[in-house]
Amino acid sequence: MGLLFTKLVKMFMDEEHKVIVVGLDNAGKTTILYQFLMNEVVHTSPTIGSNVEEIVCKNVHFFMWDIGGQESLRTSWNTYFADSDFVIFVVDSTDRERLHISKVELSKMLSHEDLSNSRLLVLANKQDVKGCMTAAEISQQLQLTELKTHSWNIQSCCALTGEGLSEGLEWMTQQVSAR
Ligand SMILES: Nc1nc2c(ncn2[C@@H]2O[C@H](COP(=O)(O)OP(=O)(O)OP(=O)(O)O)[C@@H](O)[C@H]2O)c(=O)[nH]1
Ligand SMILES: [Mg+2]
């Protein structure tokens, strides 16, 4: 009875969840945030600090913090970690040369205690570019299947068309309702 009641309350109440959107500079984080919000491509310049927007999907409210990914800014990512329910880690699928840096940054983040209860969505962005890495390739390089400490998912996407983004959001919503 208690469980049923909790599920019903969840169905009718709006829930709020904190999401941090991180990844190397130029990965497409800001473009993704505004594609989520407005279904539009906005003109971006490198983010200094962060942008925050509320994205609602099936009564679930996500407060998404898009954080600048330039090298000098990465040391302050941890100031955003507290109470994050989700980490969206964006990878530029065309950037083979820096995938190992993404891997190091991702591992560093996931070992931080403030993120011990967060779930991970990796977005393999820029799938419109010919010759880019597939989500499977990125997953293998990031060794996601070896990740046992966090629930995770990887989704290929293109922030310019929005392709793949609703699937990513859908996974996050399912994770919330399954809790
Ligand atoms: N071809 C292609 N270009 C994209 C895609 N997503 C983003 N871009 C471009 O990539 C560039 C960087 O995008 P941003 O969204 O500013 O990247 P960012 O991750 O926020 O970068 P920082 O704020 O510096 O951390 C822009 O020129 C975008 O138009 C995509 O899916 N495909
Ligand atoms: Mg940005």
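Visitor: Which protein atom lies 2.9 Å from an oxygen atom of ligand 1?

Guide: Look for a polar contact, a pair of N or O atoms within 3.5 Å; within protein, one must be able to donate a hydrogen and the other to accept it, and residues adjacent in sequence count only if both atoms are side-chain atoms. Here a polar side-chain atom of Thr30 lies 2.9 Å from a ligand 1 oxygen. Lys29 places a polar side-chain atom 2.7 Å from an oxygen of ligand 1. For Lys126 that distance is 3.2 Å. Alone, ligand 1 exposes 660 Å², and the protein buries 83% of this area (Shrake-Rupley method, 1.4 Å probe; for residues, only the protein chains shown count as cover).

Visitor: What should I know about the model itself?

Guide: This model is predicted: local features need pLDDT of at least 70, side-chain atom pairs count only at pLDDT 80 or more, and totals for chains, interfaces and linings use all residues. Residues are numbered from 1 along each chain as its sequence is written, chains are lettered from A and ligands numbered from 1 in the order written, and side-chain values use heavy atoms, without hydrogens and water.

Visitor: How many residues surround ligand 1?

Guide: A residue is near if one of its heavy atoms lies within 4 Å. Ligand 1 has 20 residues around it, with Lys29, Thr31, Thr44, Thr47 and Asp128 the closest. Helix 2 (residues 29-38) gives the largest share of this shell, 3 residues (helices are DSSP runs of H or I, at least four residues; strands are E, at least two; both are numbered from the N terminus).

Visitor: Which space does ligand 1 take?

Guide: On a 1 Å grid over the protein atoms alone, a pocket is an open set with protein on both sides within 12 Å along at least five of seven lines; in a cavity a 1.4 Å probe fits but cannot get out; lining residues have an atom within 4 Å of a point. A molecule sits in one if more than half of its atoms lie within 2 Å of its grid points. Ligand 1 takes the largest pocket. Its lining has 22 residues; Asn26, Ala27, Gly28, Thr31 and Thr44 lie nearest the centre.

Visitor: What lines the largest cavity?

Guide: Leu24, Ala27, Val90, Val91, Asp92, Asp95, Arg98, Leu99 and Ser102 line the largest cavity. Strand 4 (86-92) and helix 4 (99-110) each give two or more residues to that lining. Strand 4 gives the most, with 3 residues.
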